[in-house]
Amino acid sequence: MTVDNSKQDSHRVAVSGDVEVSTYLEIAEERRGEQPQAEPEERFGAEREAVVIVDFGSQYSWLIARRVRECRVYCEIVPHDAPWENVAPLEPKGFILSGGPGSVYEPERPQAPAYVYEQRLPVLGICYGMQLIAHQLGGKVARGTKHEYGLAVLHQNSVDTPLFAGLPSEMPVWMSHGDRIEEMPPGFTSLAYTDNSPIAAMGNEQGVIGLQFHPEVAHTPQGKNILQNFLYNICGCSGTWTPGSFVAESIERIREQVGEGKVICALSGGVDSAVVATLMHRAVGDQLTCIFVDTGLLRREEGERINNTFQKNMRMNFIHVDASDRFLEKLKGVIDPEEKRHIIGEEFVKVFEEEAAKIGRVDFLAQGTLYPDVIESALSGSRVAATIKTHHNVGGLPSVMKLSLVEPLRYLFKDEVREVGLELGLPEEMVYRQPFPGPGLAIRIIGEVTRERLEIVRGADWIVMSEIKNAGLYRQLWQSFAVLTPVQSVGVMGDSRTYGYMVALRAVTSEDAMTADWARLPYELLARISNRIVNEVPEVNRVVYDISSKPPSTIEWE
């Protein structure tokens, strides 16, 4: 048996992926404003083609970006009120207008900026984006007589359009709208319809196209083909966004930014920090020093593996600091999860600064921020983005650290980071390592963090990892781990009554962790994990399995 991923694709958005130890650097948003950020023209070389996604508050904007990237076309999400000066350096070959809540005819609803049409580039409007095109270009949008949610059958009209090239005349699509197009703008033609939407797709000769359905979700099976047709056949893209091109461009960009400066990078052993460190080392060599702070909150044998990989095998300038006693002392008596995060972040910064000071002059800090971190932490510029919880790898440097940021992965999704890691020659075991939270096991212990509880959760986690790998499911899961709850319950072991801890198992499928679905693990596997934990971890006598998805839950319990 294997994990059932049937619900995975339709519920993907990302939390912080592999939240690196480097990501503990405390968020100081006012400090971020002082840091020189990469201008759009510095984000890629002259050969790269780009498409701009204009966000109107859709829950699927991130997914549109993912699908575009899967077509090997670079894209960025910008808020609907982003000025042209911010967009122009990307030299876009087209625009995609996202969906969004509300109706285009309501007062103060966001509108597409004028440059979307003035640039005379191809435009693809999705759902609310389609209605905006109609509304702004002289058509009519009205409330539908009945809503259309879920699967529908799209029927193509007898119009030859490159948008549907190579696709069947009838296709299942995913609808989610209440309004409908009653009159198309002048010059537009209906391309397709459904039973409830007489105009489910429309377009004009200038390449301005509207889709009432969502091509970005998995429930529209040919959706990626439709997007690729728009990108290739209408925008003229050719798919130059590859891991190889990213590596070459990043190395050149890093060298230009760093010059002769000295760089420090915090290592955790996860794929994000590993790729950042490898890119930096390839670009600037011994100008880079990597610092690994062992907080004492890592999984079993993790510190030794990090040491072996980076110091012995990669021969980087490497500093290993054992600060486990220091972190445990600071966490004594603390039960609030956000307070744990802040304490760990603050203490990490202190340890990191102390070690950095011993190096001498340092000019730059390399950090493993990813695009989903930026989106979910509401720092992408979108006023409609919501902050879910504290992310320690987004934001500025602590005010006392006078360093400039180098964030070579800032515009990548997690799977793209893995592709880059393979391109750089990193071992698959490291590249496909499951994400591990920056605060470590501290947020997998509900309540106070103590040495005893750390050993309990380490033992349970080791068993979970071992059995998941033995079952051949490790690569299919986004994360799988154990959580030590504060609940104790009565049990019977041998002929004696016990009063032991309850451990919760968590296993999810996802792509970027912004959404996730619980994994349908085989019962036999769950039974083996449970049996081993209660027999090999003496303090535990009960194991439960978490079957909640994100949303409404988060992946981590704290």
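Helix α8 (residues 271-284) packs against helix α13 (residues 414-423) at an angle of about 45°, their axes lying 10 Å apart, where axes are lines fitted to C-alpha atoms over the stretch in contact and angles run from 0 to 180 degrees between N-to-C directions. The contact, meaning heavy atoms within 4.5 Å, is made by V271, D272 and V275 of α8 together with K414, V417, R418, V420 and G421 of α13.

This is a predicted model, in which local features need pLDDT of at least 70 and side-chain atom pairs count only at pLDDT 80 or more, while totals for chains, interfaces and linings use all residues. Residues are numbered from 1 along each chain as its sequence is written, and side-chain values use heavy atoms, with hydrogens and water left out.

| Helix pair | Angle | Axes apart |
|---|---|---|
| α8 (residues 271-284) and α13 (residues 414-423) | about 45° | 10 Å |
| α10 (residues 324-331) and α11 (residues 337-359) | about 145° | 10 Å |

From α10, the contact with α11 includes R326, F327, K330 and L331, and among the α11 residues taking part are I343, F348 and E354.

The chain as a whole holds 16 helices and 20 strands, which are DSSP runs (H or I of at least four residues for helices, E of at least two for strands). Of its 558 residues, 60% are buried, that is, under 20% relative accessible area with a 1.4 Å probe, counting protein chains only.

Notes
Buried means under 20% relative accessible area, exposed over 50%, partly exposed in between (1.4 Å probe, protein chains only).
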